Amino acid sequence: MANEHGQKWDRCLADSAVKIATGLGVGIVFSVLFFKRRTWPVAFGSGVGLGMGYSNCQQDFRSPYQLHGHRVKEQ
């Protein structure tokens, strides 16, 4: 049980980091190309990434019986 909980935390942190970095990157691109180097697209993109990561973590921790990519073999 503790190992599964640790794996969920690892997935949560990795997923959140990817989503925040993607939102940050998209925000930077939009800031440079469309909004005359304003800072709000960067903050908005990072916030959206953080929110998506948080939502996915919540869903992952609330579903205790979901298996992520593991095959269950019958014996």
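1. Burial of the two cysteines. In this predicted model, Cys12 and Cys57 are both buried. A disulfide joins the two residues, with a distance of 1.8 Å from S to S. Cys12 belongs to helix α1 and Cys57 to helix α2, so the pair ties together parts that are 45 residues apart in sequence. The count of disulfides comes to one.

2. Handedness of the disulfide. The torsion about the S-S bond of Cys12 and Cys57 is about 105°, so this disulfide is right-handed.

3. Overall architecture. The chain contains two helices and zero strands. Helix α1 covers residues 2-33, and helix α2 covers residues 40-62. Of the contacts in the chain with a separation of 6 or more, 60% are between residues 24 or more positions apart. The student may wish to keep this figure in mind when reading the points on individual pairs below.

4. Burial and surface of the chain. Which share of the 75 residues is buried? Buried residues make up 19% of the chain. The chain exposes about 6200 Å², and carbon and sulfur atoms supply 64% of that area.

5. Two salt bridges are found in the whole structure. In one of them, the side chains of Asp60 and Arg11 meet at 3.4 Å, N to O. Asp60 lies in helix α2 and Arg11 in helix α1, so this pair ties together parts that are 49 residues apart in sequence. Asp60 counts as buried because its relative accessibility is 7%, under the 20% limit. Arg11, in contrast, is partly exposed, with a relative accessible area of 29%.

6. A salt bridge within one helix. Lys19 forms a salt bridge with Asp15, and their closest N and O atoms are 3.1 Å apart. Both residues lie in helix α1, four residues apart, and are therefore separated by about one helical turn. An α-helix has 3.6 residues a turn, so residues three or four places apart point the same way. Asp15 is partly exposed, at 23% relative accessibility.

7. Helix α2. This helix has 23 residues and reaches 33 Å from its first C-alpha to its last, close to the 33 Å expected at 1.5 Å a residue. Its buried residues are Pro41, Gly45, Ser46, Gly49, Gly53, Cys57 and Asp60. Met52 is also found in helix α2, but is partly exposed, with a relative accessible area of 43%. The C-alpha atoms of Met52 and Asp15 are separated by 9.1 Å, although the two residues are 37 residues apart along the chain.

8. Is Ser16, which has 13% relative accessibility, buried or exposed? Ser16 counts as buried, because 13% is under the 20% limit. Ser16 is placed in helix α1. When residues up to four places away in sequence are left aside, Ser16 touches Gly53, Tyr54 and Cys57.

9. The annotated segment. An unreviewed UniProt entry carries the annotation "transmembrane region" for residues 16-35. In the model, this span is 90% helix and 0% strand, and its end C-alpha atoms lie 26 Å apart. The annotation comes from the record and may be inferred rather than shown by experiment.

Methods
Residues numbered from 1 in each chain as written. Predicted model: local features only at pLDDT ≥ 70, side-chain atom pairs only at ≥ 80, totals over all residues. Heavy atoms only, no water. Buried < 20%, exposed > 50% of the residue type's maximum accessible area, 1.4 Å probe, protein only. Contact = heavy atoms within 4.5 Å. Areas by Shrake-Rupley, 256 points an atom, 1.4 Å probe, with all protein chains shown as cover. Salt bridge = Lys/Arg side-chain N within 4 Å of Asp/Glu carboxyl O. Expected span 1.5 Å × (residues − 1). Disulfide = S-S within 2.5 Å.
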